[in-house]
Structures are given as C-alpha cells and as structure tokens.
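Reader: Please take a close look at the part where the two chains meet, and describe with care what lies on either side.

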Number of protein chains: 2
Amino acid sequence: MSNKFVYFFGNKTADGNGTMKQLLGGKGAGLAEMTRIGLPVPAGFTITTEVCDLYYKNNKNYPDGLEAEVLANIDKLEKTIGKKLGDANDPLLVSVRSGAAISMPGMMETILNLGLNDKSVEGLAKKTGNRRFAYDAYRRFIMMYGSTAMGIDREKFDDIFEDVKNTKTRARLNIAAGKKVGDTDTNEAELEEVVAQFKVLYKKELGEDFPQDPTKQLWGAIGAVFGSWMADKAITYRKVENIKGVVGTAVNVMQMVFGNMGETSGTGVCFTRDPSSGENVFYGEYLVNAQGEDVVAGIRTPIKLSDFEAANPPAYKQLVDVRNTLEKNFKDMQDMEFTVEEGKLYMLQCRTGKRTPMAAFKMAVDMVNEGLITKEEAILRIKDRDIEGIFYPIIDSSEKDSLKKAFLVSGIGAVPGAAAGRIALNVKNAEKMAANGDKVILVRKETSPEDVGGMHVASGILTATGGKTSHAAVVARGWGKCCIVGCEALKIDYEAKTVAVGETVLKEGDFITLNGSSGDVYNGLLKLVQPELPESYTTIMKWVDEIRKIQVRTNADTPYDAKKAVELGAEGIGLCRTEHMFFDTEERILAIREMIVADTVEKRVKALDKLLPFQRDDFKGIFEAMDGKPVIIRLIDPPLHEFVPHTEAEQKQLADKIGIPFDTVRLRVNQLHEANPMLGHRGCRLAITYPEILDMQVRAIIEAACIVKKAGKSVAPEIMIPLIIDDKEFKLLEKRARGVADTVIKEQGADVKYMVGTMIEVPRAALRANKIAETADFFSFGTNDLTQMTLGMSRDDAGKFLPDYVDERKAAVFMADPFQSLDQDGVGELLRIAIEKGRSTNPNLKLGICGEHGGDPATIKFVAGLGLNYVSCSPFRVPIARLSLAQYEVEKNKK
Amino acid sequence: MSNKFVYFFGNKTADGNGTMKQLLGGKGAGLAEMTRIGLPVPAGFTITTEVCDLYYKNNKNYPDGLEAEVLANIDKLEKTIGKKLGDANDPLLVSVRSGAAISMPGMMETILNLGLNDKSVEGLAKKTGNRRFAYDAYRRFIMMYGSTAMGIDREKFDDIFEDVKNTKTRARLNIAAGKKVGDTDTNEAELEEVVAQFKVLYKKELGEDFPQDPTKQLWGAIGAVFGSWMADKAITYRKVENIKGVVGTAVNVMQMVFGNMGETSGTGVCFTRDPSSGENVFYGEYLVNAQGEDVVAGIRTPIKLSDFEAANPPAYKQLVDVRNTLEKNFKDMQDMEFTVEEGKLYMLQCRTGKRTPMAAFKMAVDMVNEGLITKEEAILRIKDRDIEGIFYPIIDSSEKDSLKKAFLVSGIGAVPGAAAGRIALNVKNAEKMAANGDKVILVRKETSPEDVGGMHVASGILTATGGKTSHAAVVARGWGKCCIVGCEALKIDYEAKTVAVGETVLKEGDFITLNGSSGDVYNGLLKLVQPELPESYTTIMKWVDEIRKIQVRTNADTPYDAKKAVELGAEGIGLCRTEHMFFDTEERILAIREMIVADTVEKRVKALDKLLPFQRDDFKGIFEAMDGKPVIIRLIDPPLHEFVPHTEAEQKQLADKIGIPFDTVRLRVNQLHEANPMLGHRGCRLAITYPEILDMQVRAIIEAACIVKKAGKSVAPEIMIPLIIDDKEFKLLEKRARGVADTVIKEQGADVKYMVGTMIEVPRAALRANKIAETADFFSFGTNDLTQMTLGMSRDDAGKFLPDYVDERKAAVFMADPFQSLDQDGVGELLRIAIEKGRSTNPNLKLGICGEHGGDPATIKFVAGLGLNYVSCSPFRVPIARLSLAQYEVEKNKK
C-alpha cells in the first residue's frame, strides 16, 4: 500500500498515468494519461481507491494524513487555475466524481458545481456576465449536494422547482395550463427564488444551514462518493457483474467546465469506433447547451456526431484529433466524455469502451490487420461473454413475410441480436416470470441502476427514452444482451400495466420480439435462429487453436449433442452419461426398473440383457458421430431410486407389467430411500453390489466400438468408473471391466483399443490418487461432486445459505458460486494433490475435468496451470473453453 | 518373502524359532521354540503361511519348489524317527494341523493318523500288538480325511459306524435297545467292517479309491488345511475378531503320538497360570485314554490337573517341569496341549494363553513384581477389551436374598462377570433378539465355530457340555464375555425350544441370569452392578498415566457424564454437545421450536432469551463438575429440522402453544426439509444465517463460567464453532463470539479466560487449516463427519454397501469399519495435512480428536503419532484411551 493518497493532474503533467487503474480508478488513470499526452483536460486531483478501502476497514474513518494532502492539492489546483474556491469575484468550481478500477456505469454518485455559495454565486455571475446561469448552477449544486451527499429526498427539491415554474414562470410567460413549463423557461429571479427555497428545505431536513464553506462542501461530497461504494445498488451491480477484488472507488475532483453556456457549448459522449458493429468509424452523440450528466441519463435525445460537425466545425475538429491520439496511445477503442465550453473542447473522461460481441471480434481482427496489436493481444481482447453473444439469435428468415404485419414501432438499436418474450414492466415481475421459466423482455420508460436485477434476467430490454449511451444501452451492451432504446412512440402506463403504440395496446405478459440490430419492435413471438458467424469469429478462433495447447472435449450424451460439439470445435467427449439413455423410451425404463426390483442375480441379468441392445445402439451412434475422437463413457452413476416410480399408481403399473406383486415393488422402492443419497449407494458402489450391471455396460460399449470399427471407422472408447475412493476398489472393477472388454474384442475379432479410468470426485480418491493411478489410464475430475463433498455442501440444499457465502457483506468465502466457478483454494488444492500424486506413480496418466466447471473461464485457466490434458464442457461452451485455453497460454507467456 | 517354504523341527534343533509367528504360525513357532529349548516335542515340519498366501494369489496353485521341499522334509522326518510313512511293519503316522499367526480356536481343520493304509494298518497292529487300536485309528483317519479333506458329509461316516454298532456290537454284547452302544464297545472285527464300509462310501462319493499312497494323503491334507483358511466360518471368525493382515495359515506335519493307548496314556490342555483369576497356579484338564481333539471339543468332561497328578505322578512331574521352562522362556502365561503316550509326555502345542480381563491385569502386575517383565511390557500385555471386561457387571448384593430362590443350576464358570437376558437357543434367534435391543443369553448343548456370530451378540453364553478349554470357553474368554460351560443338568430341546432343569422348564425368550465367576445359573432377571475394580487395575493405570504424554478428555453433555468421566480419568471435556440439552424438557423444546418458526429477528431473539437461562444452568453444572479442567462446548450443530415436529398433530399443537397459524408451522417445517441434510444448513451455517443463536449460546457459556468462577472454582471454557470450511467464515464468527464473551466478562466483572476454536470436520477445513489456524485457539477433529465427507459415505445409508468394503472377499478397502476405526490412509492423510498446515501458522494451536474414533485404540495410536494434544472419547472409553496412549509411548520407544 502506498502512502500517497492524492494524485494531481493538470498543465500537461500528472502524478499518475494510464496504467494505474487499480489505484486511481479507471477515470482517474484516464484523466492522468490524457493530461500527460497533452490532451485538453481540466485540472484536478484523484483521491486513491486505497483511501476508500482504508475508510471501510477503519469503521468509516479517513486515514491519517488524508486531510492535509487534500488541502495541499486544493491549494495546488487553485494556483494552477488561478481561481479560488468560494471566491466572491471569480470562483473556482469543481466536480466531484467516483471512479473504480472497473467501470460501473451510473452506479456512483456525482456532484457538480461544488464551490458555489451565496457569495461565489455572485462572483460567477459577474465573471460570466450571466446571473441566470450562475443561479441555475447554484440551484443544481444545492439539489445534488442535498440529495446525493446529505440524503434528502430528491423529489422534495423537484417539487419546489416545479412549484416555482408552475406558478411564477407560467404566469410570467402566460403558458397554457395543459403545457409543460421547461427548465430553460425560468428566469434569474425565479431561480434565485428556487435557491432560497432549496436552502430553507435543506435546513428543515438537516437542522443546519446549507454549508457556505467550500472545503466543508468538498468533504461532504467525498464522503458521498465513498458512501455510494457500499450502496445497495452498487453491491448488486458488482454481484450481477461478478466484480471481485476491486478494493473501492477513487474520488476525482476536477475544475468545472460548462456545456450549458449557450449554443457554442455542449456536452457529448463518443467512441473511437462503432461499439455496436465494430466498424472503424467515429461514433458518438452530442447535446447542445447541456451539462454532462444529461447525455448519460438519456433524458433528452442527443444529435449525431455528423450533426455536431455541421453545427460546430472547429470543436468537432479538436475532438477528431483527440480520437486519433487516444487510439494510438491506448491501442484500443476508447469511450470518451467531453464538454465544449464556448467553443473550447475539454476531455472529462476516457476509458476502454464497452462493445457488442460482434464488435469485439471485428475490432480485434481489424486492429491486428492495422498493425495496432498482435494476435495474442487480440485474443486477450475477446471475453467469454463475447463468444456467448455472437451466438445470440436473430429473427428467422421464415418470418420475413410476417415482419410487416407484426411491426410495431422502431427505436434505436443499442445492442444487436434478437430477443422474444413476455413483456415485464418492472424488476419484480421480470424476475418472477424468469423464475417461472418464461423468456422476458423488460420494457421501461428508462432504466436506472435499481433495475439491474431485472435487466439481468431479461432476454431483451426496451426503453422509451435514452440514446445509445444511456444506462440501459451501456449495461445491456456489456452483457451482449439485445437492447432497443429511445423508442419514443411507446406509451408505457405502469399503473394500468400496458404498453401502447398508437392504437395497439399490449398488456404486461403479452409477447413481443426485438431486433436489436435494426431497432425494430414486433408484436408477438417471432421465430429466432442462430446467426451466421462473422468472418472475424472464424479468424480469431483459428488464432485461438494455433495458440492453445490443451484439448477441449465436450459433455454429450447423444449423437446429436456430439455432432453439435464437434462443429463447435470439440476434440472428444469428456463425459458421456449413460443413465439418461435409460429414460429414452418406455421399453428402456421398464427394463431398468425390472433390473432394480429383481431379487436374484438371474432376474437381474435377464433384465440387463434387454437393456444391452439399446445401450449398444446409443454408443454406436456416438462413436460414429465422433469418428475416432476419444469418447469417455461413464458407467451408471445415480442411486437406483432415481429410476423407480414413486407414486402408488405407477408402482402398481410396474408390478403389473413385469408380473410381480405390488408389495414387492413398493418394498424395494422404500428400501432404496436414503437419508443422504448424495453420499449413498451410487456410482461404482452399484457395480460392487451388482457387478452384472458393469458387465452389461462394458459389453455394450465395446460391442458398439467393434461394430463401428469393423464398419471402417476409427473408435477410441474410454471407460470411466465413477465415485471411486480407493485403489483396491478401482482395481477390482477395472480388472472386471477389462475382462469383459477383452472377451468382447476376441468374440468380435476387431482390433479395438480402449482405456479404463476413473472420475476423481470424492476427496478420498484425490488423497489416494497415487495408488489409484497405478492401474488407471486416466482421471477425470468430477468437480461437481468433489465440490459438494469437499465443502460439505449439497448443491440442492445450499440455496438457503450459499448466497451468504458469496455475499461480500456476509461470510464472503467464495469469489463466485463454487458450483459454477471452481473453489480454487479448497477443491483446487485437492486437484493439485491428486495430480501430483497421480503423476508420481503413472507419468502417462491422462488428466481432465468434466462437469459445470469445465466451461468456466476462470476454472479453465486454473486447471490449465495444474497441467491437465483436456477440459470437457457442454457443447455450447466449447468455443469459450478454446478461447480461455488460448488466453491462458498468452497470459502465461506474458509473465 | 523368503524362498524357504518348509521349516523342520526335531531332535532338539529347529529351522525356526518362537519369534517367527508371522511365518510359521503360532503353533509352528511354538513347536520350533519348544524343540530348541529341549522340551519333548514329536518331530515334524511346518509349511509356512507364505505358501498359503502364494497359493491364494496364484489361483490355488502351490509355488514352484514346494513339492521338492516337502518331500525332502518327509525324508528327513523319516530318518529322524527311523520309521517310514506307509511302512507295512512299523509305519510312521503324522498329524496335519493348521496354525495361523493369530490363534483361531477350532477354526482350522486337523487330520490325524495320516499314513495309514491297508498295509500300514497291519504294521501298526503288529508294532503296538493291538489290532483293535490300529483299526480304530484307521477308521478315524478315513473319516477325517474323507470329510475334512475331501468334503464327504461327515454324517454319512457316522451313520455307517452307528449302524455297525447298533447291529453287530449290540447283538454281540447283548445291549438293551434303549441303551447307547459306545465307540469303545466295538471290537477289532467290527472296526475292520467299518473301515471296509468307509472305503466303499469313499469310492461311491468321489469315484475313486481311498488313497493308499501316504504322499497323496499328505497333499490332500495340506490342501484341506489351506482350503479351510477361506472357509466361511474362518472368514466369519476373522471378521468378528477383526483379525486383519494375517496372510494365511501354516501347515504343521508332525509325528503322531497316541493318548488313547490305555490308562497310562491320555491327553490334556493346561495353562501355566489360572487364565480366569490370573493366580500363579498351574491350571488345566486331562482326559485319560483319549486323542487330543477330544478335550477341545468338550465332548467328555475331563479331570483336573490335581487328579492327573494323583493318577500318573511321573507324567505330571514332566509336565510341571515343562511349565516352569516355558514361563521362563516366554515370560508370559502359556497355553499348552500335550499327550501322554504310555507314560511319556509329548508337547503338541504351546502358545500365549488367552485370559480373562481380571487375569490379564493380575498376571501383568504379578509378573512385574516377580521381575519377569518390566512395567512397559506389562502395559503392552493389557488389551482394550481387558479394560472393557474389567468393568463388566456382577450380580448386585441387593439380590442376595433372591439368589437362593432363583437358583437354577451350576456349571463350570469359564469366564467371570455376570450377564442377564433372554434365552436364545440358536444363532439366528440370538441375532434377531439382539437386533431388537434385547440382552441375550445364548444357551447351547455345545458351541462350534458356526455359532460364533450368535456368541458375539450375546451378553452371556451357557453350554451343557465342555470344560474350561472347550470352544465356548475359549472364544468367550477372548471377548471377556460371561460364560458357563459343562452345565450337564441342563436339558436342551431345540425342537420344543425349551431348556429344562429338573421340573423347571424355561422357554426360549425367558429371562435367565449367569454368574460366570461361580458358574451359577439363575431363573429370571437379576439386577447387575459394576464390580469393584481390582488392585491390579489401579496399579496398571497408575503406570499408564506415568508413561503416557497425551491428554485424555471425554465427550460429555451432562454434569453426570462429566463426573463419571473424571472418575475414569478424564482430564477435560473434548466435546460437549449443546443440542441434546434442548430436548431436556417440554419448556425447552417449545422455546427452540418457537425460535425456529420465528419469521423476524425480534421473535427469534425473544425465543432465544427463553433458552438462555436453561443453557446457562447446563453449562454451570458442567463447569462445576469439571472443576477447572478444560471444557470444549460446541455451538449448535444439527440442521434445524431435527428439532421440529413432523406429524400434523404435533405441528398443530406447536402452532396452538406459540399462537401462530398451523400453516405457518407446516410451511416452515417443509422449508426445512433437505435432500442431503448431512451437507445442508447446519453447523456454523446456522450462525451465519442466524447470528443471534451464536450470541445466546456464547452468552450462556460465559455467564455460567463467570458465575462458577465468582463462586470460587476455576473454569476453562473453550468455545467450539462447528462445520467451518474457511478462515473468513471462522474469523467472522470467532470475532462475534469473542465480542459477546468479552462483553459478558465485563458485565460480570469476573476474570475468566476462554478459547475459541473449531471442529475440523469438512475436508475443505483441513485443506485451509493454515488460514483458519491464524485466529483459532484449537482444532478438534470431528472425524465422524470428516469420514462421511472424505469417503462420500453417509453413515445412515452405508449399511447397504459398506459391508462389502470391509469384506476381504469383496472390495476390501478398509481393514475395519471406517466409522469405528479411523481410515488412516484417507481421512488420516487429511488429518496429517491439517495438522501440518495448522501448526505452520499457529505453533501454539491445540489439537484434539473427538467423535467415535477417539475411543478406538488403533485410531488413538495413529493420532498420537500425528502429534495431537489430546483425544476425547465417551466416558467409559476413557481408561482405554489412557492405556492406548501409554502403549503408544512404549511402542514408540521400542522402535
């Protein structure tokens, strides 16, 4: 931890630079870097994120020495600019903004115009020659400060302002009763009146006068920024976005510049390239005569950059220069906020811009082609969610003819891709519908940070106001989630729970379809399909496969899934579960049930004989689909009670069908009940008790392999024995399996090579890995069960307490749900032990991971570091696994 | 593995010696040693236990070279004795006996008189001048060989013999129809007839003639001995006795000597000291004119040694000399088998004798006093079951007056102690009654190896025949289980299921009481009490405590148990469970239920406030009982559903009592249901969700400690947080617990020191022990749950498959039930990891073990080796733990 708390920037020099995001936050680092490379940035200083951390660690007290450092920097700022805070003639005004290492749009509070008081407001009036402007700024400041820093209900300020407008302004301008009075309609006197009333409100609410001392104002604002770090909406955002390890927010104090000083002033947000398509075109929005916050809030619809160029060519030219400098400097697409004050451009922020998945691929490939970055850097630019996003659906061409009839309205396509689902008008309903398994489109006038939960569960987002840089657009883009904004023809009635466009009135729960690429909204549920993958995706994935060294397999139980996974790049099957196959048809489930209720080995074998041809056909299909790629088939794993009927009616039916007494069936089903089935009679324990099940399955696998081999295709079956805890147990079953397999190969006269290995999914197996590896050809880490047992947490039951274990305000044991992203400290340690022990006795041991974690990028990189031979995941996660493994190699080489 | 398969003994020299039990078996080693030290032992040789091991490892084939070695030894034996196997004039006869490293009485088959055939039988007749004797020997041999080695039903031989006796003998001697014809009534011709018929039977059964070649006979006998190693009854015995790691049986081939050659011949079994009382007196039994097997089988009741002395003073004198030599040589009580052949003594076997618990203590102390052994050796002589046995009950003195009335009959008191329970007449019924929770007395005419299972579950054993060295007596003595034998007045009718003594007829299921010390049997259920402990126990335990270095604590939840444990030597409480206390009274269970159904923190706190005074009182009682000794109190651990009522009626009652709707109660109970409660919402997870429970419990503990301290006693409370998986979780709760504790101490103004630690019972906790130890004062290994999770085995569900995991014929993963004796390879490895990690960050960390394993000697020695500070076990296992820890130190120093 450094002992410097405050970093100054201004006059083309800065204490910090662009690499110091962790310490200065993204905004602070960007401001420092822009200052250093000579861009027009108002001067200011950044209080580090470490101060925020210390503040919370120390019961919300600032660290010693902070105050002196802040005061010294104010002094330096005043000297740099030549103005003083609170000065009665020409006061320095500052903005106070938050900024963490990771961008959290709209999450943190901002206070503008700080430094105004009853005296300095007159100084500002004098200096600008615009008393109305000065009082408008003062009004805004008191409201922001009072609500944001001091917690007064914002509506109370709004009510006062509305009241003055609706009485004094309306009367003075003689505005009709039905017409709205605008903020800009107010005059100097009315704003003075508003300020006076605001100060009365402030005193009434807080019991003390609105602070006139600018230093007191500044500390209040700093406290508000730090306070917002632990506000519920900030915590929710970090949770939803899975942001961890960020210690706090920085505070940026910067000289105010004004975009609301008339027609040659304004404020804007722009991107160095198009964040939606990825095209190398300058892209942004500008609001004439406005303060910065107005663009992001999406209250007024801004103009395009081309219109800005037409309206103010010199300012636009300055901006284009900045764009070129920034891309060259950062070698990535930048997202910038700027203000034009009476024709002069000021940069208020720059950061790496969020982009759609499509844009991420395009920019990465373009930048390699432009020589801006290397292939390796390009690979690091792609996120796993970009890959997910690129597979997002579009409206099927078969709907072409319906499109016209279904067309409802057009808005601004903020995030491409399509989504279809039921309308939800608030977060609660969206979450409820999603929990019911419905696809949801969240429809709001505008979104705010409070809506993040509902946005997360929705398939698509539609707002009536806002532009491409509004809250809804920015958040949805980060998720690659279809989003249409600024759809102003939409009349949303939250009370009546309706959404109307002209004559058409839709109710909450009705279906709509969004095309996020065009911005079109359709009535009803249109058919969606997967889009064609862009060229840039193919290019990136080619680079990915060149760089990665570890194999990617898939978890697939059917030939269909197997084929799908191979298309997506799978190089084998890491887990083929055999039990799902038993549910496939009435005949199969009957045979397995007959096997289970059998009370002699003979009857059991008879039932198993019926299952054999089914299983053999299943495996044949899978071997054909995989065409010589290795296929790990796991022998039956779940407890038998999962296969038997549990209602009396079904049990009676079963008894009838297989011709045994109902009581026998019922008794057997009752016998199968277990207190903790997770730790019960399952996995290879079934094979210990009923070795004939293993015999049947191994025979089916090897017969299928022989048949496919004899038909001219390659096969590479790998038999996996689940739930092993000991070498003696493994050797017993492995020997039996090899016995059956060798017999079948001899019978069939086919030259089939096979392997026998085990899942490592019980802690004891990891601890005994050296012994088990003596005769095992491979280990596959079954991290689902291994997590349950290592943590002593049943996944089915953890819902009641696991959230507290991921919540940073509670136990905070895990960075993420340990059933989704591997618990590296605990389960990961067992993996490390098992790998070391396993390889010590069998250097040729093949190692892999299957289960949910095999598709999680953090887990993939972690296990790659442990030296696994492959990861296995569900088919649709295969490209993500390929990317993660390439990123692992690039990151490793960087170290 | 040696490459010598056969060890010769004879002529005062031997290839082996008394230390080679593992290789030669107990019998073989004893014979070699006795030969070396000059005792009269018939010559012979021993085929090693390794041959048995190789035989089974090699699909029941003998190792190469065995045959040649056996033949060479036969040759040597013939030369040593000067007789030849199968000789037509003066044949060598041999016995073939089994003998493993650990004595398994009656378990292994024996074949006598081997070498007899149609020619040599005449040679024997000639040499002994007793043709009847020769044919009697031949008859016995064909029967033993045919049944034991060749598997012909023994009854078929018996039928033939009975038939000859009942026709020819009966007619010849004119014996009345109601009277039994004895074996000795037969004459030479009749026995010749029996032999002839036996040979016909043999050929009919096996399709080949009875082998005339003695070498062929010998290989058949050797095969029978090896075959018996894997007979069901042998496996059952090893299972019941928990005998593991013994590779096989040896085969002893030895010259036959004959105890059935008239009145100056005989056979006997004796002990160098009294195996029941431990007194230093010569003790044994002798059967005149009998073969060796007759004594052990308990068919005829033998005479005492004093009568033997009177009957045959010179033979007795030889035996006394042997006794003195043997005790000096082995420095322990020996159990010997001998035969007197026409006045000359031959030793057939010696081994360390089994003894009662009382005798074990007395002999150990006596031998130290006699200078025969050291205190350390004395400690190693005591087994855990000796300690258990010494606490076995006696009939209460309050029953003194009832004794006369209840007296039924007297037998031979074979194993002291008393037992009372229901009569069971066979193994099946004994096991059934025991499973129902009944105390059982197994009553049999005589017992055989097939009865071992029923003997094991019985509280006491009563037989109508046999002496103190009969099967029943020997087996029961090994277990320290009350046993009366030779109770000849007992008429047992297995068909009618009755036991009669004179007029009194008892039915199976009726109660009887045994006094194993006196041999008296009583009608009905008499009151039993704990006996006074003998002086020798106190002496041994004093030595034990001097030698051991590791503390012994107890698991106790009540002041009563705590006091009891202190009496038995406990030095603290290692586990005080708080949850049982909640069930103590109606009031308490109501309060805990009210707490559980509470839907607000306020209501929960209100219910907890009701529980506080109860808990405080509980802890106060325990602190007082422990008087300053450390007391680990575990915070609430089980899932809450264990506390709530599950029937509708009870739920309604609860709803009424606490005044909330029934539906609320039902809903809450249903919510508490878990798929795998073992891995669910329990342990410290409850405190994470409901920290107010922790607050209440810590307050109760520390308030109680303060009150006791202020009343002038010492207190040492140690608060234990269960089910921890991570340091962050532990620190959160530990900090909260210390906060409450410090507040209470301040409030109470008492100077109480306390500790806060955790149970290590989830694999992840072991893996994260270094982090957790940073702020934990102690770890207590909760090996019950740790075993369940490490093995992935629910103790409640393991019944279906765990037996296969302990069965040496199946998976054979564990040497013993891993829930009773710690799985050292798996769970033990986690302990090792946790201890190393824990001490690495906290060298002062106190380490202990609680749970079932804490009372298991093998586990205790294992964890002592890991460096634990204490073990904790149930009160009655405390002396065993003390002994085991002393033995650990002695064994460590020996290495």
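Author: Between them, chain B and chain A bury about 4,200 Å², 57% of it on carbon and sulfur atoms, where buried area is the accessible area (1.4 Å probe) that two parts lose on being put together, summed over both. Within chain B, the residues that lose the most area to chain A are B:Leu679, B:Arg764 and B:Lys800, together 15% of what that side buries. This is a predicted model, in which local features need pLDDT of at least 70 and side-chain atom pairs count only at pLDDT 80 or more, while totals for chains, interfaces and linings use all residues. Residues are numbered from 1 along each chain as its sequence is written, chains are lettered from A in the order in which they are written, and side-chain values use heavy atoms, with hydrogens and water left out.

The contact (heavy atoms within 4.5 Å) draws 50 residues from chain B and 50 residues from chain A. Between the two chains the count is 8 salt bridges, each a side-chain nitrogen of Lys or Arg within 4 Å of a carboxyl oxygen of Asp or Glu. B:Lys800, already named for the area that it loses to chain A, forms a salt bridge with A:Glu674, their closest N and O atoms being 3.6 Å apart. On the side of chain B that touches chain A, the residues divide into 23 nonpolar, 11 polar and 16 charged; here Ala, Val, Leu, Ile, Met, Phe, Trp, Tyr, Cys and Pro count as nonpolar, Asp, Glu, Lys and Arg as charged, and the others, Gly among them, as polar.
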